[in-house]
Amino acid sequence: MVSTRVFLIATLLLSVGTTVWSSSQNDDYMEMDLSEYQSLTRLRHLSVEFLDFYQNITLKDLLPGESPRITPQDLECLSDLSLLTQGVRTGSWWAIRLFDSWGSIPSGILKGNLKDLGNYDECLAIDHQVTSSHSVRGKYCFAKIIHIGKISGVPNFLNVNTAVCFPSSCSGTHMDTMIRQLFKQLLNIEVSADLELVNDASCKTADKEPYDGVTIFTIVILSILATLMVLATLYDYFLCEDQKKLPVIVKAFSARANSRSLFRIVDNKSNPNVIDCLHGIRCMSLVYVIFGHDYIIAGVSPNINIVDAYKWFNSAFFMVVREGVFSVDTFFFLSGLLVVLVGLRYVEKTKGKLNVPMMYLHRYLRLTPVLAIGILIYMKILPLLGDGPLYGGVAMEDYSLCKDNWFWTLLYVQNYATNDLCIGHSWYLAVDMQLYIIAPFLILALYKWGKKGAAGVFVLMLLLASCLFSMMVIKNYSMVSGGSTSMKKIYFGTQTRASPYLIGILFGYFLHVNRGKTFKLNRPTVWLGWIVSLSLFFTCIFALYDVSTSMPIVDEAFFLTLGRIAWPLGLCWVIFACMQGYGGLANSFLSSPLWQPLSKLSYCAYIFHMLIESLNGGITRTQTYFSNYQVMLRFWGDFGFVVILAYFMYILIEAPFGNIESLLLPMRQPSPAVAPVTKVPAPITSTSESAPPLPNKSVLTDEKPSVTFTTSS
């Protein structure tokens, strides 16, 4: 299933890889016969071999068989190929450039260099005018080179590929036929008819499709929003001397006003209800997600040292990257924590009344505008931003799937309704929204029944954790080797991701009950708390270090089930210690006010971070080199552009729509004794295996509230 391809590749690279390239004593990673390798070297200059073999090309070369059916395209392709070979003989530069753009058999195959990208731009620049109505133009494709033996443990999708360039009048079938015959002549290889050496899906030409209606609609929508923002900002800057008299609609769209709100630093000591460290936890999790996704992009890039990359899977640092999936649980935990803290305060204020439909409406209106425009941008604008041999689906996500299932994403049911996710990392939004639907009922249970309600939530958490364990053991769902079905059932499934969320609810209830209370802990107790917390974190990250990927399903089920409980329990102590003054350096770091602006940008950063990573990965034109340092260079470049893009999306979409939503659905504010709440986008992270999560968009601050909880009418 194409939509989950990046997740499956990530699972394969980041989960199975721990033993694929385990170091052997003789450093023999290749299972290739010497004669096969020597045969490959004969194809080192594939374009030269092609020219020698097809000096006098005929229809029989294009259409093998006794009586092939000839089409006008066949004749046009034959004519252009004849012009091409003639052009090479006469020294025409356009023909020489076409063959000069071909890739070759990659050097360093024994090191894992399995793809030669040729010269993409040189091929597409070919435009030889033959007549006033016809020209020979270049078409760039990947050709699969087969029968090379196999590299130990490397999956089939890593077969050797090289770039070829043909006249655009030739189809992938024509190219496949000619290369198939070339292999048969040179290497005496009879390629199976079921195996495509050249697929039209890998081919690109310089032709650009005209803008369709949806593309024009997207451009118009973005232009209107940008115009409103510019006009409102100019009015705010030049015509309004008193900010308090700024018209509300102007304030809603003004980049100046929204930037002022974004960069306003809240005094950490101004409100006892503020949990300052949540900003740092959220931002660090966002960084973790983007960093993990960059490793996925780097893993599927055309690396010249795949052998080294797979050996890296045996390193301890690989575990840090792979288990970045726990940052998803961080956001689920924060979501549950903030929902119950805000909810219980409002329920107490209104004496048990909760307008549940209005809660749902507020949350939907807060999340959906950014997501909806994000779908349009991924589907229609991203293809216009760049180009390259890997751009638009080769090793990246295929966002064109959005045209068939975008509505599932906007209904937040895509994790169950379809196997082809529109925006892969949006699965978290669906799970978070579905958990949010049950949150009001849990809040009312905690309010009415107190500890008995908390016990009920605890039992529910244990039952859902048991559900995850049972599904894995009984149905043999494995994150290591289960494929797309297991990914959908145990990674995207709401019931399997509920444990951190419910633990967050229980911890939020504990903080609510003990609000204003100071806990006096002696030094040994504080040290014990930190030791236990860090032990939980390090166990989750390194428990599978140097463990074979063929571990029993029961062991994997225990790890996954208990890990999703242990991680949020460790976070409970970190937050509690920071709140009670036992955080030390951790609290100083996580509670720094510098995190606050990035925390507010985190929702837009989550939605659009894959756009930057897909763009930068897709424009790759040459082979890359895999190392931790190279990935870090990629990460800091991507992260910088993600923050810039998130800022523009915030002032263009999120802040204006949030302000309008607050105007259209005004809500009674809590009394001064109750800490107001601002909806701040939480990072959504996808980690190495999939896309990232986004916590509840409420963060305790003392800014003007725009709450999801409301009193009954």
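Select K115 and F142. The charged end of K115 sits over the ring of F142, 5.1 Å from the ring centre. This is a predicted model.

Next, select R363 and Y436. Here R363 lies over the face of Y436, and the distance to the ring centre is 4.3 Å.

**Aromatic pairs**

Turn to rings against rings. A pair of aromatic rings is described by the distance of the centres and the angle of the planes. The count for this structure is 49 aromatic pairs. Select F50 and Y54 as one of them: their centres are 4.8 Å apart, the planes make an angle of 50°, and the pair is tilted. Now colour by accessibility. F50 has 2% relative accessibility, so F50 counts as buried. Y54 has a relative accessible area of 1% and is buried.

Move to Y378 and Y399. The ring centres lie 4.7 Å apart with the planes at 40°, so this pair is tilted. Y378 belongs to helix α16, residues 356–385, while Y399 is in the loop between α16 and α17 (402–410). The two are 21 residues apart, and the pair links distant parts of the chain. Both Y378 and Y399 are buried.

**Disulfides**

How many disulfides does a search of the whole structure find? It finds four.

Start with C123 and C165. A disulfide joins them, with an S to S distance of 2.1 Å. The torsion about the S-S bond is about 85°, so the disulfide of C123 and C165 is right-handed. C123 is in helix α7, residues 120–124, and C165 is in strand β6, residues 161–167. The pair links distant parts of the chain, 42 residues apart. Is C123 buried or exposed? Its relative accessible area is 0%, so C123 is buried. C165, at 1% relative accessibility, also counts as buried.

Go on to C141 and C203. Their sulfur atoms are 2.0 Å apart and form a disulfide. The link of C141 and C203 is right-handed, with 115° about the S-S bond.

Now select C402 and C422. A disulfide joins these two, S to S 2.0 Å. The link of C402 and C422 is right-handed, with 100° about the S-S bond. C402 lies in helix α17 and C422 in the loop between α18 (414–417) and α19 (427–449), so the pair ties together parts that are 20 residues apart in sequence. Both C402 and C422 are buried.

What is the pairing when they are numbered in sequence order? It is 1-5, 2-4, 3-6, 7-8.

Select C240: at 12% relative accessibility, C240 counts as buried, because the cut-off is under 20%. Then select C604, which is buried with a relative accessible area of 0%.

Conventions:
Residues are numbered from 1 along each chain as its sequence is written. This is a predicted model: local features need pLDDT of at least 70, side-chain atom pairs count only at pLDDT 80 or more; totals for chains, interfaces and linings use all residues. Side-chain values use heavy atoms; hydrogens and water are left out. Rings of Phe, Tyr and Trp (its six-membered ring) pair if their centres lie within 6.5 Å; planes under 30 degrees apart count as stacked, over 60 as edge-to-face and the rest as tilted. Buried means under 20% relative accessible area, exposed over 50%, partly exposed in between (1.4 Å probe, protein chains only). Helices (H or I, at least four residues) and strands (E, at least two) are DSSP runs, numbered from the N terminus. A charge sits over a ring if NZ of Lys or CZ of Arg is within 6 Å of the ring centre and within 35 degrees of the ring normal. A disulfide is a pair of cysteine sulfur atoms within 2.5 Å.
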